[in-house]
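Me: Hi! I have a structure open and would like to talk it through with you. Could you take my questions as they come?

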Amino acid sequence: MTEALVSVRDLRIGAVTDSGRQVQIIGGVSFDIAPGEIVALIGESGSGKTTIALSLMGHTRTGCAITGGTIRLGRHDVTGMREARRAALRGTEVSYVPQSAAAAFNPSKRIMDQVVEVTEIHRLMPRDQAEAKARDLFRALALPNPDTIGARYPHQVSGGQLQRLSAAMALIGDPSLVIFDEPTTALDVTTQIEVLRAFRAVMDKSAMAGVYVSHDLAVVAQIADRIIVLKGGEIQEEGTTEQILNAPTHPYTRQLLDAFEPVPHVPAASPGGTILEVRGLFAGYGAVRNGEPAAKILDDVSFRLERGRNLGVIGESGSGKSTLARAIAGILPAYRGKVRFDGTDLHPDLAHRSKDQLRRAQIVFQLADTALNPAQSVGAILARPLTFYHGTKGAARDRRVIELLDMVHLPAALRHRLPSELSGGQKQRVNLARALAAEPELILCDEITSALDTVVAAAILDLLKELQRELHLSYMFISHDLSTVEAICDEVLVMLKGKVVEALPATGMRDATHPYSRLLISSIPQLDTGWLKGLEQDPELMAQFMRR
Amino acid sequence: MSLSLRIPTPARLGYSFNWTGRIGLAIILFWAVIAFIGPWLAPYPPGEMVDWDYFGGMSGQYWMGTDYLGRDILSRVLMGARYTVGIALASVVLACAGGVLLGMIAGVVGGWFDTLLSRLLDAFNGIPSLLFGLVVVAAVGSSIPVLIATLAAIYLPGSYRFARALAVNVNTMDFVTVARARGEGFAYLILREIFPNILGPVLADLGLRFVFIVLVLSGLSFLGIGVQPPHADWGALVRENIEGLSLGAPAVVFPSVAIASLTISVNLFIDNLPTRIRDRSE
């Protein structure tokens, strides 16, 4: 075996909390990275994967500090050197591709100026040579118009392109190690494929080693040679990608893999009539002129949902999924079309709906962080719908709050806490409990598992199923994640640019007939190392449906 | 993650104070008490010339020296507390309460109501504050209620702008949408969902505005339309004794110290409010 490019020995990273308590974030992690090898760090949020990746540059987030161990990068001792020496390493020996390219680019400077910045800071080469090199990288990363794209501003290119441009920024100094920090998490599935392909191609050609941080095993399977599974700042399992995917030895790895396998949904025995019927729904944003808003989003959406059944809505960002939920809930009044709930027409604007109509259909939002009032305790958040809809007060209300917390598997003592004191999964459970407090018949779930880790999301899905059995609920489940939809829905609508292009049974998604649904469904990464290489997509189809 | 049971004591709920905040509160309370009992503490009548020398130094007889007319400064500072603390606090509370309420309403209602109110108050903001004060006092005469109302009116538009900007931000959060989708009324949205989440910055703004009001009040007094002689607020005491500065007279130093102690302690107090009140959005 050749000598390792990076060797991390007994790395310990600690932080001091606001109350002055010492906490250990990373507890004695050791691993090696060979030259040219791509190693994935995988784990749920809080597992320390990004902290470890950043420490390879000798960097820690504010408040954290490397408290022990050594990191060697090539012939440099990263932990032992002074900050000024480390700064010289960054960009030339080790570089970083951040999660959000949109936040990493300065919106007021042209892309080329930012891409070649590394060569200027380290005085690597003259400007025209750097620009020529950048254009070569743009070409290698399969960016459109490689010769002119550098003259644009960051807002003039798409999200997937910006992510590839940030990779070009990282690669221009010819580093021996590139750190990818969840670079595709914020992208749509079809865009993700493009970006992954470009990364893979560039990394295969060069001799650079990579560290790929992700929580998504399927993405990692496409790009990494080796996988390190982390939990709570410690290595749980380390092995080649094949071994981790096919023969995991650690129970936590198995749990991660299990969360990935969709549990087939068993539909309710007998549908009891139509609960929600939407006919010819049009909705949009902006100033209304002649009864039509400036930006039209929903375009003639119709569907029907039976009581006790679940409807999935899939599509990429901007396809109008969330707008559909908002229009049904009346938050964004539809300007044409009908929403029928349990046989009665609902007014498009929620201000004109009765309290009981509002109670029966509840909406749960994606980001539990912003959906819970940070100034109210969990108890107060759950108590309000009880008082508002049912007039429950005093001891009866307290009992009901505890009952609701129990329903979503949270301890009763949690009601005294503020939302900021809860974890992401706990917040989403409180979010769900608030909807349940109204005793609804239909819950509109807007991407409720998208911001959660795989294992936590799987637990929320189990909870939704359990609640459905007990409370006879119906869900409208909006997601961009196919396996989630497969796990809980009976029927699926595929949306594109505000239109429903196809309605499918959830079990028969692989037999989609519309070209866009086929493209979307085939773009979902599979837990198979050869998937990306074997994936053949019709380029015409891609060109037709993707916003490049 | 630990789910241990926590007993909700005031400290654990975040209602505890640190020492800096307590010192600030103590000084504010001290001046508030002085404002009430000042006339009984004053050793001499504040308007009476008690010393034939002007700008007298500190002595056992006149603890803070005498002013440009030979009046006792200690007595004048004790009496001035009543005007400065009372008028400034009353007008800052009025300005902020009105501004925040209007700002939240405009931020949530939006549309033409917001546009109309915002432009109206912007236009009002364009009138120089001292000029506005002059016109009002010339029209209705100077009295303490008129002064309070005038100062509140001068500082309301700024407070409105500030609160409106904050309310618009909070209004787009999902938890407000959830409350709206639940069918909650307007008052609930404003008071329970929005107000607690803008309270921290609004209080900081209140501290800043308080200082401004003390300064404008002294400006008005200097022009002769503020507190009427022989009484004077602290700002006026500084102004009327400003020539004493080159003579090293304590007559100008002590009113300045009084102003500084009050404005600094108000800001100390607000910056160190219990985190539960100050940083609710964190």
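Me: How many helices and strands are there in chain B?
Reply: In this predicted model, chain B has ten helices and zero strands. Read from the N terminus, its elements run α-α-α-α-α-α-α-α-α-α.

Me: What box do the C-alpha atoms of chain B fill?
Reply: Along the principal axes, the box is roughly 75 × 55 × 30 Å.

Me: And what share of the residues in chain B is buried?
Reply: Of the 282 residues in chain B, 42% are buried. As for contacts in chain B with a separation of 6 or more, 70% of them come from residues 24 or more positions apart.

Me: Let's look at a helix pair. At what angle do helix 5 and helix 7 of chain B cross?
Reply: Helix 5 (residues 144-171) and helix 7 (residues 186-222) of chain B cross at roughly 160 degrees, and their axes come within 10 Å. An angle over 145 counts as roughly antiparallel, so helix 5 of chain B and helix 7 of chain B are roughly antiparallel to each other.

Me: Is that crossing of helix 5 and helix 7 of chain B left-handed or right-handed?
Reply: The crossing of helix 5 of chain B and helix 7 of chain B is right-handed.

Me: Which residues meet there, between helix 5 and helix 7 of chain B?
Reply: From helix 5 of chain B, the residues include B:Leu151, B:Ile154, B:Tyr155 and B:Phe162. Among those they meet in helix 7 of chain B are B:Ile194, B:Asn197, B:Asp205 and B:Arg209. By class, the residues of this contact between helix 5 and helix 7 of chain B divide into 16 nonpolar, three polar and two charged.

Me: Now the two chains together. How many residues of chain A are in contact with chain B?
Reply: 22 residues of chain A are in contact with 21 residues of chain B. On the chain A side, the elements that give two or more residues are helix 13 (355-360), helix 14 (368-371) and helix 15 (378-390). That side of chain A has 16 nonpolar, five polar and one charged residues.

Me: I clicked on A:Ala380. Where is it?
Reply: A:Ala380 is found in helix 15 of chain A.

Me: On to sheets. What is the strand order in the open sheet of six strands in chain A?
Reply: The order is 16-17-18-13-19-20 in chain A, with mixed pairing. Strand 16 (361-364) and strand 20 (499-505) of chain A are the edge strands, each pairing on one side only. From one strand to the next, the twist averages 20 degrees.

Me: How many bridges join strand 19 to strand 20 of chain A?
Reply: Six bridges join strand 19 (residues 491-496) to strand 20 of chain A, and these strands run antiparallel. One bridge pairs A:Glu491 with A:Pro505 in strand 20 of chain A.

Me: Which strands does helix 12 of chain A lie across?
Reply: Helix 12 (residues 321-329) of chain A lies across strand 13 (310-314), strand 16, strand 17 (442-446), strand 18 (474-478) and strand 19 of chain A. Helix 12 runs at about 150 degrees to strand 17 of chain A.

Me: Last one: how many bridges join strand 11 to strand 12 of chain A?
Reply: Ten bridges join strand 11 (residues 274-289) to strand 12 (residues 292-306) of chain A, and they run antiparallel. A:Ala283 stands opposite A:Leu298 in strand 12 of chain A. The hairpin of strand 11 and strand 12 of chain A has two residues between the strands, and A:Asn290 takes a positive phi near 55 degrees there.

Terms used: Residues are numbered from 1 along each chain as its sequence is written. Chains are lettered from A and ligands numbered from 1 in the order in which they are written. This is a predicted model: local features need pLDDT of at least 70, side-chain atom pairs count only at pLDDT 80 or more; totals for chains, interfaces and linings use all residues. Two residues are in contact if their C-beta atoms, placed from the backbone, lie within 7 Å. Helices (H or I, at least four residues) and strands (E, at least two) are DSSP runs, numbered from the N terminus. Ala, Val, Leu, Ile, Met, Phe, Trp, Tyr, Cys and Pro count as nonpolar, Asp, Glu, Lys and Arg as charged, and the others, Gly among them, as polar. Two strands pair if DSSP finds at least two bridges between them. Axes are lines fitted to C-alpha atoms, for helices over the stretch in contact, and angles run from 0 to 180 degrees between N-to-C directions. Angles under 35 degrees count as roughly parallel, over 145 as roughly antiparallel, 65 to 115 as roughly perpendicular and the rest as oblique. A crossing is left-handed if the near helix is turned anticlockwise from the far one by less than a right angle, and right-handed if clockwise. A residue is buried if 20 or more other C-beta atoms lie within 10 Å of its own, exposed if 12 or fewer, and partly exposed in between; C-beta atoms are placed from the backbone.
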